[in-house]
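Dear colleague,

My notes on it come after.

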Amino acid sequence: MWVYEKKLQYPVRVSNCNPRLAKYLIEQYGGADGELAAALRYLNQRYTIPDKVIGLLTDIGTEEFAHLEMIATMVYKLTKDATPQQMVAAGLGEHYANHDGALFYQNAAGDPWTATYIQAKGDPIADLYEDIAAEEKARATYQWLIDISDDPDINDSLRFLREREIVHSMRFREAVEILKEDKGKKKFF
Amino acid sequence: MNKKLDDEYYQLLEQIQAADFVLVELTHYLDTHPTDQQALQQFNQFQLYSKQLKAVFEPKYGPLLGFGNSPGGENKWEWGQGPWPWQV
Amino acid sequence: MTRAKTFTLIKSYKPFHSKFDPCPPIGRKYFSTPPQLYINFQPPNLEQFTPEEALKYGTLWKFFYDFYDNPYRERET
């Protein structure tokens, strides 16, 4: 069951009116290594994973929706006041022709989101390694977005999101250790 | 009708975001370290602290949680009132 | 546990440049090696940020904090 909390996880601000950035940020909205893919991947895998790690998959999956909302907020703030001509000038003409200023689950190249972005092998080790890889890929994507964005406030939010991927990766690696562990022997380091 | 957003709104909101962020971090940590008593105590402490902050925030600025996890409103339905998080 | 000088957070390498390459060489390529790579399991009692700092930095624990900035910035100006 999900309950919505009417606040962003992190205060998102945008310094400059530059709708062009929205085109790149959408990669983390509807792209292969984006927040939607992450949320759906973990929440789906959790049905067939050992009990010990269901909590972790549920909780990280839920947090990813909060991150999705943050990306949506950045895109929304960048495009909400754009005229059709400004959208075209920002490279968002194709998007406008279909959606006006509506967001959509697609990547920076305009490819629509697909379930082929995620996997669920049913094998806990395979699933967790997919999750670790997903977090590293998301971390890298945030790096590329920080590289091409010159907006200090957006970069602040992107750095937050990148740091979250680092912590999530640690947790999934810990989940693997938990599943590897023989009964009675706990290792911390 | 949108609620008025003064400086106090933004300050209180950030305090809540900070407290709730600690709770998220501790949640993930406790998911993989369920026997860490110290972390559990810290979680419980922050859970109370977050509740206190929200008890100040919600009467002024409306309910934060849906489906009955926050009060609905004294005389009118507050949940549906703006502004929404991506707008502030 | 502190990170001290035991590991760095960014690595670099020099891609091979052929005399037939059309463009000037990029010089060094950089990649990130975040702190979590260097431990298998978070130990208890790691030093924490304050809640306000934790929110800003994106993690409760100082050990995991890794500031990222464009490593190619100087080259582009």
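Predicted model: local features only at pLDDT ≥ 70, side-chain atom pairs only at ≥ 80, totals over all residues.

Residues are numbered from 1 along each chain as its sequence is written, chains are lettered from A and ligands numbered from 1 in the order in which they are written, and side-chain values use heavy atoms, with hydrogens and water left out.

In the interface, 30 residues of chain A are in contact with 31 residues of chain B (contact means heavy atoms within 4.5 Å). Together the chains bury about 2600 Å², of which 58% is on carbon and sulfur atoms (buried area is the accessible area, with a 1.4 Å probe, that two parts lose on being put together, summed over both).

Between chain A and chain B there are 3 salt bridges (a side-chain nitrogen of Lys or Arg within 4 Å of a carboxyl oxygen of Asp or Glu). A salt bridge joins the side chains of B:E25 and A:R164, at 2.9 Å from N to O. On the side of chain A that touches chain B, the elements giving two or more residues are α4 (54-79) and α8 (152-180) of chain A (helices are DSSP runs of H or I, at least four residues, numbered from the N terminus). The most comes from α4(A), with 9 residues.

B:F67 is exposed, at a relative accessible area of 69% (exposed means over 50%, with a 1.4 Å probe and protein chains only). This residue, B:F67, lies in the segment after α2 (37-61) of chain B.

Yours sincerely

Key. Buried < 20%, exposed > 50% of the residue type's maximum accessible area, 1.4 Å probe, protein only.
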